[in-house]
Each structure stands twice: as C-alpha cells, then as structure tokens.
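Thanks for coming, everyone. Please bring the model up on your screens, and let's walk through it.

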Amino acid sequence: MSGPLRELWFLSRDRAALFWIAIALIAASVSVNFGLAEVSSQRAEIERLKRGDQIERAVALEDHRDWGSAAYYTFHLTYDPPSDFAFAALGQRDAAPWKHRVRMLALEGQIYETDAANPDFALIGRFDFAFVAAILSPLLVILLVQDLRAAERAGGRYELLSATSATGAGLWFSRAAWRMGALAIALLAPLWIGAGISGSGPGAALLASGAVVAHLAFWWAITAAVNRRDWSAPVNLTALMGVWLALAIVLPALFKAGVDAAIPVPDGGDIVLAQREAVNDAWDLPVSATMDPFLERHPEWAGHTGMEGTFEWKWYYAFQQVGDQTAEPLSQAYRAGRERRERVADVLTWALPPAKVERALQSIARTDARAQARYEAQVRAYHAALRAYYYPGLFLDTPFDDAAVVERPNYTPPSS
C-alpha cells in the first residue's frame, strides 16, 4: 500500500479524527441551514411589507386629497434585500436596520430607528457559516493535527516512524494533509450546497472557499510550528489554545475598543435628539426662523414662502427639513467616523486572521458595514426625491390629482 493510501487508511481508522471531522460537517450544515432559513424569512417579510405598503398607500390617497396630508399620512417602504450569498454571513443584518417605512417628515428621526433585536443574538450573534469558518474551524484544525508527533512520542513510536519513513518529514505532512483536506471538504460541502439552493453564482462560493482554505492553511502552519517542538500533547494543546484565544477573541476585542476610542463618533441618539429638538422648537419660533435656513437650501421657493394663516403644510415640511439640517453636522460626523473605523479595521485585521476571514465573508455576502452604509445612502436619496416631488405642490399650491400621484418616485433597492 502506497504512502498516501496508507495514511488515508489510518485516517479512516482514527475515531477521534473522524469525530472532529463529523463535528465540522454538522456545524457547517447547521449554520448554512440557519442562514438559508433567515434569508428566506427576510425575503418573505419584505414581500409581505411590499404588499401591505401598496394597500396602505392606496388607502392614504383615498382619504387625503391634498399635498400636505397625503405626504403626512403616506408611508414609503424602503428595504435592502439579502443577497443570494447572505446565508453564509449575515453580518450587519443582525445589528443594523435593513428596512424602513419613511415619511416626508425629518429623516434623521426615522433612519436610526430599528426593530428590537433578540437580546441573546445581540450578545452572541448568529450561528452562521462565517462564525464556523472564523471561530470554530481553527479549533478543529488544532484538535485534528496538534498531537500527530506528540502522540507518537508518547507511544514510543516517533523515532521508529521517522527512521523507517522514506520521506522523513513528509510522513507528518501527508498525515496532516489528509486530515486538513477532509476538514476542508466537511466545511465547504455544505457551503456549496447552500449556494446552489440559494441560487448564488459560483463566483461568491469560490471566493469564500478561497478565504476558508487560506484560513485553514494559516492555522495548520501555526499548529505545525508548535508540533515541531519536543512538547507533550497537553502542552501543545495548551499553547495552541492560547494562540487561538488571543487571535480569535482577546485581540479583536482589544482592537475594536482601541479603534472606537481613537475614532469617536456621535451617538445615533444624539442625532435624533438634535433633530427632534429643532423640529419641536420650530412651533414656537417666527416663521422666518424656519424659512430663512430652508431657503438657503432651496432658493427656488423664495417667492412662495408667505403664509395666510397660522399653519400651512409648506411651513410644516420646511421646518422638518430644517430639523435635518440642524442635525446634519452630527450625522455627517457619524457617517465619516464609521467609514474611518472601517478603513482602519481593514488594515488591523490583517494581523487577526479570524476577524479577517469573517470580514471577507461578509463582504462577499454584501452584509458588511459598507453594504449597510449603501442602503442608508439609498434611503437618503429616496427621501430627497420625495421632497423634490412634494415641494412644488406644497409651495406652488398646484392641484392634487391622480396624474400627479403617478409621478411619485418609487424606491429602488441598492444595486448589487
């Protein structure tokens, strides 16, 4: 029996190795199944909301036949549908909103609203494939190959095997390679099956597979370096567990805390508070206190801001926009700070392979912070389009009719 086939036979007889490979297969399969179920649930919820949105908007238009009240009572659904590969890495879709129902009111008070999250998920996150690949797979690598030499030393067979092997160190490489290959197949087979079920193209699965294989290779190299030392199996395991704990848990937490401290950003609650205070104060201020800053952004309405009574819709929506303008410096600082944190994190995580592979999978799945920022930008653009649509009717007092309603802008999700 040739060397490679002999090692395969040994692997098939190694119950401990088969157990850990089975654990990898089960963990990957469960995580992919959870991811597919969550993506399916999100898509079903979006479809349900779209149907409800059409019904609600039709009812609002039947009950309110002027520009101001139609704008006030009509909600507009915005959403960010999950990509076909989102099942593998749910990423920011657990922490950040991926759907909003916005109105013509001040946007800053709406865009930072989110659904109440499950507190358990907030603490531990979703059990998705990215978690298995980034956090669990290094442990499986360690458990599979950390004691190859140490176990033979403990059994008194190490010198004999090394002396009788024709390839020397190649014996240990071949033995480890079979285990690593089996582990990679156990992890990636469910991912490819999930990609086929979700309709994802092969490009995303190939990129994700490359990231996972590179991650496994890194931990194999770390484990092989420790294996070369004349340590016992328990000492090997302790040392490797310390490396895993540092790279996968401790250092990422310290890096995140350091980045957050070095690049402070305003709190979303402060942005909402600034906007709402500006809107609430406007009721007690002269009309000019609203119209003057409003006209700085919209000088085209300079001749149409006069009011005949104590309340007009154009004044109401003008101070809604002024509320956004008041909170705009904080909002811009918040977005710029998040972008800077992402750039710094991209660099720092090169020193933290578990964090890097998780970020890579989220980027491939389009569930990372940048995807969330693209959705937020799309919501802002849509809200601006709604204002551009309603303002002529409000300031020029044009008739409100069905033909005008047809021209109301429709929301378009972020492009892939």
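How much accessible surface does the protein have, and what share of that belongs to carbon and sulfur atoms? The accessible surface comes to about 20,600 Å², and 61% of it belongs to carbon and sulfur atoms. Those areas come from the Shrake-Rupley method with a 1.4 Å probe, and for residues only the protein chains shown count as cover.

Some ground rules. This is a predicted model: local features need pLDDT of at least 70, side-chain atom pairs count only at pLDDT 80 or more, and totals for chains, interfaces and linings use all residues. Residues are numbered from 1 along each chain as its sequence is written, and side-chain values use heavy atoms, with hydrogens and water left out.

Now the overall picture. The protein has 17 helices and 2 strands. Both are DSSP runs numbered from the N terminus: helices are H or I, at least four residues, and strands are E, at least two. Of the 416 residues, 46% count as buried, meaning under 20% relative accessible area with a 1.4 Å probe, protein chains only. Next, contacts, meaning heavy atoms within 4.5 Å. Among those between residues at least 6 apart in sequence, 81% join residues at least 24 apart.

On to a helix pair. Helix α14 covers residues 313-348, and helix α16 covers residues 369-396. Their axes come within 12 Å and cross at roughly 165 degrees. Axes are lines fitted to C-alpha atoms, for helices over the stretch in contact, and angles run from 0 to 180 degrees between N-to-C directions. That makes α14 roughly antiparallel to α16, the word for angles over 145 degrees. The contact includes Trp 313 and Tyr 317 of α14, and Arg 380 and Phe 395 of α16. By class, it has 6 nonpolar, 4 polar and 11 charged residues. Here Ala, Val, Leu, Ile, Met, Phe, Trp, Tyr, Cys and Pro count as nonpolar, Asp, Glu, Lys and Arg as charged, and the others, Gly among them, as polar.

Next pair. Helix α10, residues 202-227, packs with helix α11, residues 233-262, at an angle of about 145 degrees. Their axes are 10 Å apart. Which residues meet? Among them are Phe 218 and Trp 219 in α10, and Leu 240 and Trp 244 in α11. This contact divides into 8 nonpolar, 3 polar and no charged residues.

Last stop: Asp 53, in helix α2, residues 15-63. Is Asp 53 buried or exposed? Asp 53 counts as buried, because its relative accessibility is 8%. Leaving aside residues up to four places away in sequence, Asp 53 touches Phe 75, His 76 and Leu 77.

Notes
Angles under 35 degrees count as roughly parallel, over 145 as roughly antiparallel, 65 to 115 as roughly perpendicular and the rest as oblique. Buried means under 20% relative accessible area, exposed over 50%, partly exposed in between (1.4 Å probe, protein chains only).
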